[in-house]
Amino acid sequence: MVAVLPSGGAKFEQARVGRRKSTPYLLLIPGLAWLTVFFLVPLFSLAQTSLMNARQPGNPDAGFLPGFNVANYSSAMQAYLEQYARSFEYAAMATVLALIIAYPLAYFIAFRSGRFKNFLLVLVVAPFFASFLIRTYAWRTILADDGFVTQFINNLGLLPDHRIIATPIAVVAGLTYNFLPFMTLPLYSSLEKIDVRLIEAAGDLYAKPFTGFRKVTVPLSLPGVVAGTLLTFIPAAGDYINAQLLGGPTDRMIGNVIDSQFIQIRDYPTAAAMSFVLLVTILVVVTVYVRRAGTEELL
Amino acid sequence: MPATTHAVRYRPSAWMRTSRWIRSHLIAAYGILALLYLFLPIAVVFLFSFNKPVGRQNSTWNAFSFDAWTHISRDPTIMNALGISLRIALVATFVATILGSLIAFALVRYRFIGRSSTNLIIFLPMATPEVVLGASLLALFLNMGLPLGFTTIAIAHIMFCISFVVVTVKSRLQGMDPRLEEAAADLYANERETFRYVTLPLVAPGIAAAALLSFSLSFDDYIITNFNSGTIVTFPMYVWGAAQRGIPPQVNVIGSIMFFGSLAIVIAAQLVGKARRKA
């Protein structure tokens with residue numbers, strides 16, 4: 001994702017141009033064929049499915065006929081607008097929280113950790129080797145009603161429902177936790193690339209440390225912020241594991257809807273239409289965001 | 001660091017020194033707090049692997065016991081699920097690492113027509129939510145009438161691992177000094193020898209990292225697998241199902257082993273790398 005072409009490699013590439021024109025294509029064909037057959041074609045398959053007609057309206061078990069039923073989209077959106085909006089709301093909250101947690105952490109590792117740098121990086125990634133589901137399930141224990149965390153925060157009077165589990169707080173907390181390394185690592189790699197002399201120069205020019213941070217460090221770390229927020233927001237918006245394991249029945253996200261429509265209810269056109277709306281929304285959000293941030297070389 | 005350069009020019013006032021001391025330790029304290037937060041659930045998983053739960057739910061502490069550790073394989077369904085997940089992860093890692101590395105080589109080493117569309121095809125699967133990837137593959141398999149099972153899961157896993165392999169290997173290739181290969185060519189190594197004795201050893205750590213990443217992505221995947229599994233139960237699917245009825249402490253044991261095992265692998269790889277650089 002973070003793909004900025006190196007200037008050093010250009011000469012070497014030039015040297016090879018014209019030698020054997022077919023070589024790059026031979027290298028690409030197997031992998032791209034796989035992605036075409038099992039990624040691009042399925043998307044078309046999904047689009048086709050989203051436009052199918054029910055053989056018997058209201059009874060998905062009767063099967064579906066190929067068609068061009070655009071109404072599937074409007075009826076799906078009408079039925080699940082709430083979950084759809086909630087997904088983006090939760091994902092946005094989790095992304096902001098992850099940024100707040102990860103930025104100082106990445107800053108600490110990049111500038112203040114000395115010889116422990118690599119070790120700390122391993123520590124950031126390590127928890128994610130224990131399975132996603134097991135970790136999320138552990139949060140269920142931590143945030144349980146009779147647990148220390150809930151009791152403590154509740155005694156401070158900060159919990160309107162007097163509990164955390166089965167509320168939106170738990171879902172957002174789970175999303176934040178589970179996608180934190182996707183935020184931390186890009187932030188770290190862009191902070192680490194900053195030439196420390198630039199920050200020192202700001203100090204030499206009588207900028208206060210905070211001004212130097214705001215005017216030098218933050219702008220230079222922007223590519224990391226953009227990459228990190230995207231890598232957190234995209235999976236968070238489509239996730240349904242956190243909503244299922246940590247949330248209550250009123251906290252369901254669009255992923256839960258797609259999953260249950262596809263697998264339990266087997267209303268394939270509705271599920272496919274919802275998937276498409278989700279995908280297109282995310283692509284639009286990503287494009288607008290990247291254009292705004294002015295870091296198009298990221299893609 | 002700014003502290004040293006400034007000290008040469010003037011002595012900072014006591015106030016500035018204290019404020020700088022607080023600031024530098026504040027960020028350290030924050031970093032440590034954030035790391036503790038990251039490890040909190042792992043600590044819970046590890047702790048509860050020694051619990052002797054009352055009833056089926058292993059979420060309230062009852063009594064200390066080594067039972068789950070000494071009887072990991074008591075429940076054959078867990079072991080079956082684990083075996084299936086391992087086999088799928090191995091197949092997916094093997095195929096995706098090869099396909100992805102080839103693409104990475106083509107992208108970094110050659111200029112060709114269709115480069116930017118290739119980049120787009122690599123990027124898109126990573127920008128697509130997992131539900132959509134899973135659902136679209138299911139739509140394809142249903143339309144094709146392909147039976148769901150081991151093969152369809154492996155196909156799906158290879159698909160989403162390829163992009164991550166490309167990105168990982170590509171960044172390693174881009175970080176390489178091209179002069180090393182030019183030097184080999186200057187020393188009369190032909191293209192194949194240069195690749196075998198210079199390029200490949202230099203890219204190997206990147207390929208290994210990509211393989212490790214693929215393995216853990218595949219092994220840990222629930223969402224895409226759930227769409228394409230048919231009646232097969234992988235380890236994450238077992239955990240998901242058990243979460244409704246109550247997860248046995250054996251799952252905590254397996255989670256702990258996965259955590260400490262991969263931590264050991266990563267640390268060992270770092271130490272080996274360090275020793276090599278010194279030699």
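Author: H2(A) and H4(B) cross in a left-handed manner, a crossing being left-handed if the near helix is turned anticlockwise from the far one by less than a right angle, and right-handed if clockwise. The model is predicted, with local features needing pLDDT of at least 70, side-chain atom pairs counting only at pLDDT 80 or more, and totals for chains, interfaces and linings using all residues. Residues are numbered from 1 along each chain as its sequence is written, and chains are lettered from A and ligands numbered from 1 in the order in which they are written.

Reader: At roughly what angle do the axes of H2(A) and H4(B) cross?

Author: Two packed helices are described by the angle between their axes and the distance between the axes. Here the axes of H2(A) and H4 (residues 76–109) of chain B cross at roughly 135° and come within 8 Å. The two helices are therefore oblique to each other.

Reader: Which residues of H4(B) make the contact?

Author: Leu99(B), Gly100(B), Leu102(B), Ile103(B), Phe105(B) and Ala106(B) do so, and the residues on H2(A) include Leu27(A) and Trp34(A). The contact divides into 11 nonpolar, 2 polar and no charged residues.

Reader: How does H2(A) pass H14(A)?

Author: H2(A) passes H14(A) in a left-handed crossing. The axes of H2 (residues 23–50) and H14 (residues 268–293) of chain A come within 7 Å and cross at roughly 125°.

Note on methods: Axes fitted to C-alpha atoms, helices over the stretch in contact; angles between N-to-C directions. Helix = DSSP H or I, 4+ residues; strand = E, 2+ residues; numbered from the N terminus. Parallel < 35°, antiparallel > 145°, perpendicular 65-115°, else oblique. Contact = placed C-beta atoms within 7 Å. Nonpolar A, V, L, I, M, F, W, Y, C, P; charged D, E, K, R; others polar.
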